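Open the model in your viewer and keep the selection panel at hand. The stops below go from one selection to the next.

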Amino acid sequence: MTLHRWMPQPVSRGWPDDLVDGTEAGAKAVHDLVQRALALRAGAAPRQAHGKRVAAIFLNPSLRTRTSLCAACHALGVHASVLNPGTDMWRMEMGEGVVMDGDAAEHVRDAVGVLAQMHDVIAIRAFATLNDRKADLADKTLTAFRGASAVPVVNLESALYHPMQGFADVATWQHHLGPDLRGKRLTLTWAPHPKALPAAVANQVLISAAQQGMEVTVAHPEGFDLEPSIMGRAKGLASHAGGAVRVTHNQKEGLAGAQVVVAKSWSGVSGYSDRTEEATRRAAAADWCVDDTAMAHTADAGFMHCLPVRRNVVATDSVMDGPNSWVQETAGLRLWTAMAFFERLLAS
Ligand code: CP
């Protein structure tokens, strides 16, 4: 949007651009950010950013992202305005040139223009539609916010990526496997679910692990391919960092030798063309639930899931609560990584 003289000037950027997928500042920046998060968790004092303001807009539900953002902002002396369109904020129209005679009372350009005058950062959660592949691939809502905002935009999970989750994932890997993740073996396994789910978290695991040079295996049943363009990006990042990305349709083979297992359900590219057929395929793959037998194929791997999780569908109670579960630790790291990120962005 146009930045008028009378508007507050954007904060000096501690991150080179909007936070879209966490790769913007490079692998070392993520490495340093998560090392800072681990230091904050160990008791380091957060640098203060008194007087700064963050607007966080949630178009979808959230427990961890919302509370970690609010708690991190509080620790830094930053004010957070948390808004839910449709209940405590007007429903927004994202399209251009639309005759707004439907439910949406306000255009995204108008709403974001106002928010950007009153805040130093705008954060937005907007999941994939799962019915319009073109719009999802364009990350339509996040892109509309980025186009309308004169201040940095932070992705709190979009159609394609979930970078704040990615920082907590990298922090967990570094804590358990050491600060140099190159060559460490991570398996991202598809998991069953009663509902079709977006792939933002799976894409993020892939991109985050690849950027750190890990040996990544993506295991999923036939027909649950991730977006080819994102697979291509991940392969490029991994290759640049000395790692690799491979795909298998055999879960047992995919888990063999893994040091980290990340479970997540996603509906995949082919789900866009036929939801009924995708549901049938998903139901037929119930045996991809991660249980102790599956984990026994790994190299005593840590088990991760971003939460929320459907217990005994995605993973069994014994895996979720077992000695190798890193699930609660990763969720806790959402606070420290959010604090490290907003400290970097806002504390002068
Ligand atoms: N993992 C995660 O983002 O959790 P929420 O959806 O509860 O924020």
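Start with the largest pocket, whose lining takes at least three residues from each of domain 1 (27–161 + 334–346) and domain 2 (165–331); the domain bounds come from an automatic or database domain assignment. This is a predicted model, in which local features need pLDDT of at least 70 and side-chain atom pairs count only at pLDDT 80 or more, while totals for chains, interfaces and linings use all residues. Residues are numbered from 1 along each chain as its sequence is written, and side-chain values use heavy atoms, with hydrogens and water left out.

Stay at this pocket and select Phe127, Leu197, Lys264, Leu307 and Pro308, which lie nearest its centre among 26 lining residues. On a 1 Å grid over the protein atoms alone, a pocket is an open set of points with protein on both sides within 12 Å along at least five of seven lines, a cavity is a set where a 1.4 Å probe fits but cannot get out, and lining residues have an atom within 4 Å of a point. The largest pocket has a volume of about 570 Å³, volume being the space filled by probe spheres set on the points, which are joined across faces, edges and corners. Its lining divides into 12 nonpolar, 7 polar and 7 charged residues (nonpolar: Ala, Val, Leu, Ile, Met, Phe, Trp, Tyr, Cys and Pro; charged: Asp, Glu, Lys and Arg; polar: the others, Gly among them).

Next, select Leu59, Met94, Phe127, Thr129 and Thr141, the residues nearest the centre of the second largest pocket. That pocket holds about 350 Å³ of space.

Now colour the two domains. Their centres, taken over C-alpha atoms, are 25 Å apart. In domain 1, 25 residues are in contact with 34 residues of domain 2 (contact: heavy atoms within 4.5 Å). About 2,500 Å² is buried between the domains, 59% of it from carbon and sulfur atoms; buried area is the accessible area (1.4 Å probe) that two parts lose on being put together, summed over both. Select Leu130, Tyr161 and Arg334: in domain 1 they lose the most area to domain 2, together 30% of what that side buries.

How many salt bridges are there between domain 1 and domain 2? The count is 2, a salt bridge being a side-chain nitrogen of Lys or Arg within 4 Å of a carboxyl oxygen of Asp or Glu. Select Glu227 and Arg133 to see a salt bridge with its closest N and O atoms 2.9 Å apart.
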